[in-house]
Amino acid sequence: MKKWLIRIAMLLGAISLLAFGVVYFGFRASLPELEGSIITTSVSAPVSLERDENGGATITAATRRDLSYVTGFVHAQERFFQMDLGRRLAAGELSELFGALAINADKRNRIHRFRSRSQAAVSMLGEADRELLSAYAKGVNDGLAALGAKPFEYWLLGSEPESWKAEDSFLAVYSMFFTLQPSDGSQEWNLHLMRSSLPEDLADFLLPDRTPWDAPLQLDEGDYVELAIPAAPPAQHVLNSDYQRDDSPMLGSNNWAVTGELTSTGAGMVSNDMHLSIRSPSIWYKLRMKLSDGSLDINGVTLPGVPAIVVGSNGSVAWGFTNSNVDTSDIIELSINPENENQYLTADGYKEFEVIEEQITAADGAAETITIRETIWGPVMDMGNGKPYAYRWTAHLPGSVNLELLKMEQVTTVHDALAIAGDVGIPTQNAMLVDSEGNAAWALFGRLAKRPDDDSNKVQDWSDGAAEWHDWYGALESPKVLNPDNNRLWTANSRVVSGEDLAKVGVGRYDLGARSQQIKERLAALTAPVSENDLYQIMLDDEAIFLSRWQTHLAGMLFVAENEAFKPFLEQIENWGGRADKNSIGYRLVREYRNQVVDTMLAHLSATCVAYDENCDYDRATRQWEAPVWQLMTERPAGWLPNGETDWQFFFEQQAYEAWRPLLLGETSLEDHTWGARNTTDIIHPLSQAIPVLGKLTDMPSAWQSGDSENIPYITGRAYGQSERMVVSPGYEERGILDLPAGQSAHPLSPYFGAGHDDWLNGGRTPFLPGEAKWTLEFAPN
């Protein structure tokens, strides 16, 4: 019996070992090809694909079409699953992978019909661009087929990857529209709800257009004037105790530039860090593309799914992007024909809704048919009040996506780049441009709606035609700033322009200007010659200038408080260090106190609006609420406290208690209550939460971070933050810096999986250009 037990144990062990081997080698088979030679009819001449030790790729080819093909090949081999998620998100097809759990998300996104719009965008391309996009799609499919096994994610999901189509590249761009712009009109709708439910003077006070933190590139006409505090809002509404502000980082970015007047080389210099969700692998793929005749050498980051450098340098011009937050959409109140509910009023009379049925089929067999009603202005949206509205979004219009960004490969001066700014089909971005001749400029890249002179933030009836818009601003009309007298430019998702230019771009949900103001001051303090390291250091600037007044207020409040339990907190707050330092206890205490006060005040200030419409959200209407909240805290007028309270000191102490309740009750230790313990990275693979064992292979190690999610240059968060850090001067790329989190590869068995992540985490400054080739894959024509 003992011998049989031993034999059974050995057999089970062998079976387990065999099963492990099958899984391991199947897993390994999906690794990308790094070396060797591929014979293909898809290239016209030899092409080389080199990778350095970090996986940084360089493609050298004889033609731009061949570059596009191999870009598709390497994107697919390294990132196909991530590309697939992007196109499915935009098309509303996630449930085909994830089953019924994703159907609601698909229903929200399918209403925009981006697959059909992408097909239309491909048909509008010129022959050369269509050929590049087709070559890219062919490269994607060949790269996928060349893997020894399908990407491991599809094994885990029990599904098969679908081939890539040319239109899918535009879906990848549309996925960024979802990321960077409101797809549901939330900002305009919440402004509408606030103004509809509040007296005009109260609405003006709570929804300011300007604050003391503004730092636009174009000076405002006249000084900032603080409004007088109006009569308090009605007190009969119950405070929404469940209110919690979303304080995750604004998806946007920082960028700044200096002209050649401030550099040792005479060339301009640009810095860019784009703030997005951060996951494993990185959203961006680092790539250098070269033509063998020397006519092209461009380096930067690509968005897998698209055959273009998103930000980078072509040797003559370098550029970076931040989200502009300009107004890109309108909500239109529809007038329905009282005699025919299937018709709506236009300037040309009543028109029939176009009715489209879309089938959503999930991987687990669940299916739903949704009915979309289209107007001449856009799809009909449900805003929750029983009335019909249409949504006019620049993303819906022909020309909103295209391949005009490819022209940045050949521009030789900032002036050349400015000439194409209004034609580029991407979500409208603050483009920071510099060239090797020393010029620097800011412009809007992306299509900008040419509206009539009207208040674009109003929900209006367009049936008389007065508020309609169908056209775009061209490059000559679009706002720009070129070579300012101070030789410095900056943007950080807050308002950039003023006066007539502001009327053109509209007032979107701009970020508070605190981040922009601090960057402006840091740039002003630099003296020539400015180096790449000087600009890089600003990206890591964690000085809490914005929060310092909150620290002063809190320390003063606690000093006069009679509650002895607050004394240990006061000591930490007085010695907070003035930075968003990961080891600081005081910084975390101040930050938590501000969050508590703000959440309570915003819940109170929005109570009247919530009573008018339960979905009203003050924070979605504006990011400028800091100004009225702080004015109330400093002037402390009667009648403005929630729940009928009258004593501001008592209110502040109450907020401190709520902010630190676990500490005061002894549930957690003050000594362990550091900022880093809260601001800890959580950079994971999209599937690792559903399959925990996967996370041990695919996720980046958790780490404490300095920085914060808002109001300082060094933007960090658990799974958000600086998705890249770039500093480069065109013509001097060898001195540049380009950090990426989570590395180039999606495959945990890759020899460079996670490479470069430590540089990103610790400010290690990965070189902008790829290093010496460690692996080379050759493509030869058949």
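Helices (H or I, at least four residues) and strands (E, at least two) are DSSP runs, numbered from the N terminus. The model is predicted: local features need pLDDT of at least 70, side-chain atom pairs count only at pLDDT 80 or more, and totals for chains, interfaces and linings use all residues. Residues are numbered from 1 along each chain as its sequence is written, and side-chain values use heavy atoms, leaving out hydrogens and water.

**View 1. The largest cavity holds about 320 Å³ of space.** A cavity is a set of points on a 1 Å grid, over the protein atoms alone, where a 1.4 Å probe fits but cannot get out; lining residues have an atom within 4 Å of a point. Points are joined across faces, edges and corners, and a volume is the space filled by probe spheres set on them. The whole structure has 10 cavities of 30 Å³ or more. In the largest, 22 residues form the lining, and M176, L303, V310, I426 and P427 are the closest to its centre. Helix α8 (residues 166-180) gives the most to this lining, 4 residues. The lining has 17 nonpolar residues, 5 polar and no charged. Here Ala, Val, Leu, Ile, Met, Phe, Trp, Tyr, Cys and Pro count as nonpolar, Asp, Glu, Lys and Arg as charged, and the others, Gly among them, as polar.

**View 2. The second largest pocket holds about 1000 Å³ of space.** A pocket is an open set of grid points with protein on both sides within 12 Å along at least five of seven lines. Its lining counts 46 residues, with L207, P208, D209, N457 and V507 nearest the centre. Elements giving two or more residues to this lining are α9 (186-197), α10 (200-206), α12 (499-505) and α20 (626-635). The lining splits into 17 nonpolar, 11 polar and 18 charged residues.

**View 3. An open sheet of 11 strands has mixed pairing.** Two strands pair if DSSP finds at least two bridges between them. The order is β1-β26-β2-β3-β7-β8-β9-β10-β19-β20-β21. Strands β1 (36-40) and β21 (480-482) stand at the edges, each with a single partner strand, so one side of each has no neighbour in the sheet.

**View 4. Strands β8 (residues 297-302) and β9 (residues 309-313) run antiparallel.** They are joined by 4 bridges. T302 has I309 of β9 as its bridge partner.
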